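Thank you all for coming; I would like to take a few minutes to walk through one structure with you. Please have a look at it first, and then we will go through it together.

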Amino acid sequence: NGSWTTVASLPVGRSDLAAAAVGGKIYIFGGYDGTNVLNSVMMYNPQTDTWTGGFAPVPTLRGALYGVGTKGNKVYVIGGWDNQDPFSMTIGATVEAYKVSKDSWETGLTPMITPRAETGCISHGGRIYVIGGGQPGFGNPIAACEVYKP
């Protein structure tokens, strides 16, 4: 109806996370809590307006993810900064898939061609398109566009 409504707040505030909707629920992955890079996974249920934690953590500790794509019951978490210290970050090309129905991770997937964080992603036609992003040294945008075929 063109209006905003406040819903339940995250139990722990965070920025630079990745989020995806699967099965009518919203899953969030990683991010920063203001001090630390997080690898936790949380799920928001809009029907009950509640948050749930305790899911299998993201295998590779990363922040500035932003990039996730979905195919079926899997969420592909793509790129990000692979380091605890935001001022000595390592650029990530990591791709890992979270299997929602099994609360498990698939690792060792083909990495991105162009490592990056803070990217845009969209799932379409069974493929995940990764658009733009940044490389180390904040403010270093890149123009790379790539497609991942799960």
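What radius of gyration would a compact globule with 150 residues have, and what does the chain have? Before I answer, please keep in mind that this is a predicted model. For 150 residues, a compact globule would have a radius of gyration near 15 Å, and the chain has 15 Å, so the value agrees with that expectation. If we follow the C-alpha trace along its principal axes, the chain spans about 40 × 35 × 35 Å.

Turning to the secondary structure, the chain holds 13 strands and 0 helices, and so reading along the sequence gives β-β-β-β-β-β-β-β-β-β-β-β-β as the pattern. As for contacts between residues at least 6 apart in sequence, 42% of them join residues that are at least 24 apart.

On the matter of charge, the chain has 10 positive and 10 negative charges, and their mean positions lie 13 Å apart.

Is R62 buried or exposed? Its relative accessibility is 1%, and because buried means under 20%, R62 counts as buried. A polar atom of the R62 side chain lies 3.4 Å from the backbone oxygen of V77.

Conventions:
Residues are numbered from 1 along each chain as its sequence is written. This is a predicted model: local features need pLDDT of at least 70, side-chain atom pairs count only at pLDDT 80 or more; totals for chains, interfaces and linings use all residues. Side-chain values use heavy atoms; hydrogens and water are left out. Helices (H or I, at least four residues) and strands (E, at least two) are DSSP runs, numbered from the N terminus. The radius of gyration is taken over C-alpha atoms; the globule rule is 2.2 Å times the number of residues to the power 0.38. Contact means heavy atoms within 4.5 Å. Lys and Arg count as positive and Asp and Glu as negative; His and the chain ends are not counted. The place of a charge is taken as NZ of Lys, CZ of Arg, CG of Asp or CD of Glu. Buried means under 20% relative accessible area, exposed over 50%, partly exposed in between (1.4 Å probe, protein chains only). A polar contact is a pair of N or O atoms within 3.5 Å; within protein, one must be able to donate a hydrogen and the other to accept it, and residues adjacent in sequence count only if both atoms are side-chain atoms.
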